[in-house]
Every structure is written in C-alpha cells, then in structure tokens.
Amino acid sequence: MRRLGRLFDTTVYITGIMVSVAVLVMFYYIARESTYAFRQTFSWGYRLALLPGDADSSATPNSAPYSSLVAVNPEGADGLDEKEEVFPAPTIQQMQDESALVATATPLASDLSQIRADTLYRDDWRSPKPAEEGTRVLVLGYAAPGYSLPTMYLAWEPDHSFEPRLASYRLVLRLLRAPEGVSIQPFEIDLRKQPTGRIALPTWVAQTDAERTQGYVFEVAAIPQTSTFWATLRGVLGTEWAPTLIYPRYGILPLVLATTLMSILAMLIATPLGVATALYLSEVAHPRVREWLKPALELIASVPSVVLGYFGLMFVAPALQAWLGQALGMQSGRNLLTTSIILAVLAIPIVASVTEDVLKAVPESLRESAIALGLNHSETLWKVVLPAARAGVVAAVLIGAARVYGETMIVWILSGGTATMPAFHSPVAFAQSLVSSTRGVPDTIAIEMGNVTFESVHYGHLFLLGLVLFCLTVVVNLAALRIGRRQVWRV
Amino acid sequence: MVEPPNALRAEQIVVETHALTVFYGDTQALKNVSLPIARNRVTALIGPSGCGKSTFLRCLNRLNDRIPGFRMQGKVRVLEMDPYSKHTDLIELRRRVGMVFQKPTPLPMSIYDNVAIGARSHYGLRGKQLDEVVEQALQRAALWDEVKDILKRPALQLSGGQQQRLCIARMLAVEPEVILMDEPCSALDPVSTFRIEELMIDLAKDHTVIVVTHNMQQAARVSHYTAFFMYGELVEYDVSKQLFLSPKQKATEDYISGRFG
C-alpha cells in the first residue's frame, strides 16, 4: 500500500514536471520562431522625374520608362528579388522624338565619375538592406536638344505604398553636382519631412551623347538611423497591420487594441450577467432548480466557439444590423460590437460557474450572522456574501477574460477582418470604431499563418503576435490566480 | 432574588416554548420541550453535544429554516411574537433577538462597518448619530479602547477574542432585547472568556440572555437559570445554584459531576 502511494506521488511529480516543461518548450518555440521577425531588411522606393518648366503644377512623375526613376528595394515580393529592370537609355536622337527630359539612375555607382548615361535602372529589386546599412542611388538628369524652356523641374514622390515617415532611414535628396556653367545653390531635402515636392533647375541641354554625362547629378541617400532590431520593434509598435503590401507594415497595435477592446466590452456585458446568474443559482434558486440549471450552464460553456460564432453570424449580426445599423451608421453586422456580444455569451457561463463555486465557498456562518442581525436578503447578498467572495469574483471575471482574450473562431467569423486602429480622439469617433469592422490578434494569426512563407519576416511577426498574446493571457491568468488565492475566507 | 422557574409570573416571561418538537429530516432534534425564560436574566442551556441546545436557540430567531429537512411542531413565543407565524416580521424579530455564534464571524468589511451595518439597516442612521451608536456599542462590548484608532481596518485583522466582542458589539448596535449566545467562548482563550462572561453579567441588567455552553463552571458562574438537555429532551430546569448543588434528576447529576458528556 505504501509502495502504491509512493508510485502515485512519483506519477504526480513527473506529470507536474512534464506539464511545466511542455509550457516552457512551447514558450521557447514561439519565442524562437518570432526571431524571424527581426531578420527583416528595409526597402524604400522613390520616384524621381524631370518635368518641363511649363508643366502645370499638378504634374507628377509618371511611370514612362524614360522620364522617371523608381528606386525600390522591396523584399520578398514573390520571385522578383533577383530581378533588375534595365533599360537602355535613349540616345539624343530617340529623345528628340519621344521625351524631352531624362533622369537616369545608376544605383551601382559609388562615385561621380562612374555615372553612365546609357543605361537606366528603373527598378532595383535586388538590394534590400538591413537597417544598419542604408543605400545610395545616383541620378543623372538632362534635357534633350529639342527642349527650349529656361527651367526644368526635379519632382519627387514616394513609390506606391512606401511611407517615408515609417522608414528606418533618414532619406535625403541632394544635388551632388551641377553641369559646368550652370549656377545653382546646392540643396538637400529631408524626404521624411517633405515626401513629395519639386524644385526648379536651370535647363541643361545635352546636345551630344557625350554631353549627357555632364548633366545634373542628384543623390537619394538612405542614411541608417537605428539597428534592424530597433527598427523592427518600432515597426511592431506601429499603428498599421498590412503585411502584404510591397512595403509591408507590421504594426500590431490595431490588433492588440481591437482584441483588448472587444474583451473589455465582452466582460462588461458578461460580468454583471454572469455574477447575477451565479447569485441566482447560489443564493436564490431552489435546490431543485439549481440541480439542473448548473449543469445546463456548464453545458453552454462547452459549446464549441465556432458554433457560437456561426450563431452570431446568422442571427445576431443581421439582427443588430437591422435594428441599429441605420442609427449607428454600421457598414455591416460583422463588427467589434457583435463580436463582443458573442464573446460575452462565451464568457457568461464561465464567469457564472466559477463565481457560483466561489459563492458556495462563502461560509454559511457568515450568511447566518447577517440573517441573525436582521439584514434582509438583498443586504445579505450585496453587503456580506458578495464582498466576502469579492476576490473570487474578480478571479472568475479574469478567468473569463483570459478565455475571451485568446478566442479565435468567434472573432474570425464576426469581426469583419479589417485591421484598423480604433479612434480615441472623440467619443463619437470611438463609438464609431466600436461598430466598425475590426480584427484581433488570434484570428490574424489563424488567417495568415496558412499562407505565409515559411520562416519569412511575416511568419516571424505572426509568431511575435502569438508571443504577445501568450504573455497577455498569462498575465491575466496569473492575476486571476493571485487574486483568487486571497479569496479563501477564514472565519 | 431569583425565583424558581415554576414560580415565574407571566409578565416575567419573555421567551417561552410549549411542547416544541423539531425534526431534521428523520432525525428528531427536540422532543416536546416546554421552557419559559425570564426577563433580564442569564439562562444557560447545558447538555452533551447533539442534545438540541443549539436547535432550541435557533428556533427562537428562526435561523433553522435554512437547514434542509427542518420541521417543527409546538408553540414558540418570543417577545409577544410567534416566530413561526406567517404574519411575523422576521426582520423585526431578528432586530429584537440578537445572536452571537460559536466562532467569531466578522463580516468582510471594516470594524466600523461591522458595527454600523445593523444600525444603518434598521434605523437608517447616518453620520454623527451612527458614529455615536458605534462607539456606544463598542464601549458596551469593552472593545472601544482597543479599536478606536483602527476603526477603518478590516475586522478580520482583530484577534479571536476581539472578533467575538466585535460580534457582540455588532449585535448590541441594533439594540436587541433578547440575546442568544451559542457557545460564545468555546473558541476563545481564558482571558477572552473571562471578559465575555463579565459582559454577559453586565448585559443581563437590561437584556434577557440565553447562552448555550459546554462549560459547566461558566454556566454556574454567569447564569441565573440553567436548563439541562439530553437527547433532545429537557431533563431539568432550575435556578442555577439549585441545579448545580442539588440536582433532582440522576442524569443531571451524572452530567454535572462529569460522569459522562
């Protein structure tokens, strides 16, 4: 018998160790995979063009091959990594027919004497760099013989989805060299402060092919500001989650905030209802009612969340849209509010069930004292029983919150799927973001993990999201445990 | 001047049961108990465990209702009220009949609120008036000097004896006329016990005190009357001196001389 006891003790001991190790391994795995997020290289893209002097002011660089330059270093843009688009630069003859002005880029050139006019690197796909390195692109600009106006303009704008203010570099556009005999002040423009713009230049006309190399030489330089690690971290704390853009953004704030907001909202709904249910079950209901209501409650707690999500999609979302859609200006029934309501449905049985256990643990002697003192039923409940169970009730709510916080399926089905920052600047805007489409952390992982390149930066960021979620739920759970431990009410 | 129980005049009787019988499910806890209790006296209920003393006590303020399977027969009269009548205001009954339990049961709130909660609930007192009531109750319970500077602290931080006196103060704050004590000293050390006994004697000046105790010395020390219960029956009821010095029943004698129990 004693040997059996020893065996039992050992089993319990080993199980405990195994569970702890499993949790640690899981944590290690998620943490290790999320390091891929920090292997990111940073790309940037700018479009530069020479525009004729009489062009109306709204003219911007266009993508015609001879007239503008795009220098981009997008990373991981499926299969294009090795590609470098090289155009033969037009000869003077060709230019007279087609275009009056040319800007040509030579990203490989490191010094001015190597600038070549005969090749135009329109795109440079191949050299995204870690944030520590930075790049430099030299641009040669000149006008063709047919051009007769006294000035021409250098115009610049960021490429497609590139946002200079998010760059981990300081981006500078400067004039390195003006052609002989042209008098112009040297300039240097901070592209983060002035992402688009134009500047007037005295015209330099290249009459011969040889004269082309004497044109204006501009430089776009990406000057490192920080390390890749910090740049990635800064990116993670950004307000935009858009991993599929050419210049991807991995800001997790909108996701974390959305998840937090919907959890808070869900718990605001679930706490009073759950606690009231528990109070009813434990203090009011006839034992016979309790006998079947408590298991029924626990049964609801075990409904798969996908079923709840489906229920929300088929009934709650359309009902909410039909009822409040107009008044609140809702685009669709799938939004943060609907999600919170269904999450609350998920949380109520958990809160109620745990709270009921907690209330049951409040010693009968405390209730008797209150009754013997002549307090009525509601005073006994609100002033004695509930305060005695306070810590446990808080723990119950936190357990429900941790469950809701990590909930994936319901959020996936009902949130609408748009990662947007909730607006905090005014109550109306905030209310508006509560009824608009959103997206949380767990569902983002679930949605995107399926079609992400293995061990890519995006992949790493999904694990980073998982890590954040893991930490947050652990914190909530630990808080629940800690507060719950205070519960034990000794009399 | 303590008259024997059978010589009590009607106006002296505050609490009275007549042929009180109580069942918990199939178990009979009280058998045909008829017991008149005198005003402003300490009446001790003694007897071995499970003899029905506590059940008797809890019939007087209807604290038995919550126990599953409770049934009673017979008559109970407390302060001209019948606790088991449908028309009785139980809140009023429990205001006039206070109770102290075996284990101290401070409520989960501050010392002040523990004492104030009853007065607030019954008399709607606020502010200064409430402060006065709290102070008086605590002084009466001989606790004021110890807690006057820590009234806002949680009551659970007090020691066991202090907690029990706090429970007494809490009960006194609602100004009951009858005080039921269910083994109030059994969880306390001798010093605390002594203070509570003093308190009982003091309270009996203007309250009717009914105390259940296992401690026969205590019963002899503080009570005017003693009732001896056994197996749910009232075996003997007499003036305490009489009962402890010359018990009429064999069972009583055996019990008080420590032959069993």
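Student: Which residues touch the most other members of the largest nonpolar core?
Tutor: Ala347(A), Val351(A), Ala169(B) and Ala173(B), in a core of 153 residues. A nonpolar core is a set of buried Ala, Val, Leu, Ile, Met, Phe, Trp, Tyr and Cys residues joined through C-beta atoms within 7 Å; buried takes 20 or more other C-beta atoms within 10 Å of a residue's own, with C-beta atoms placed from the backbone. This is a predicted model, where local features need pLDDT of at least 70 and side-chain atom pairs 80 or more, while totals for chains, interfaces and linings use all residues. Residues are numbered from 1 along each chain as written, and chains are lettered from A in the order written.

Student: And which helix gives the most to this core?
Tutor: Helix 7 of chain A, residues 336-360, with 16 residues. Helices are DSSP runs of H or I, at least four residues, and strands are runs of E, at least two, numbered from the N terminus.

Student: Switching to the sheet in chain B: what's the strand order?
Tutor: 2-1-4, an open sheet of three strands with antiparallel pairing. Pairing takes at least two DSSP bridges between two strands.

Student: Why is one side of strand 2 and of strand 4 left without a neighbour?
Tutor: Strand 2 (27-38) and strand 4 (70-78) of chain B are at the edges with a single partner strand each, so one side of each has no neighbour in the sheet.

Student: How many bridges join strand 1 to strand 4 in chain B?
Tutor: Eight. Val15(B), for one, has Val78(B) in strand 4 of chain B as its bridge partner.

Definitions and conventions
Buried ≥ 20, exposed ≤ 12 C-beta atoms within 10 Å, placed from the backbone.
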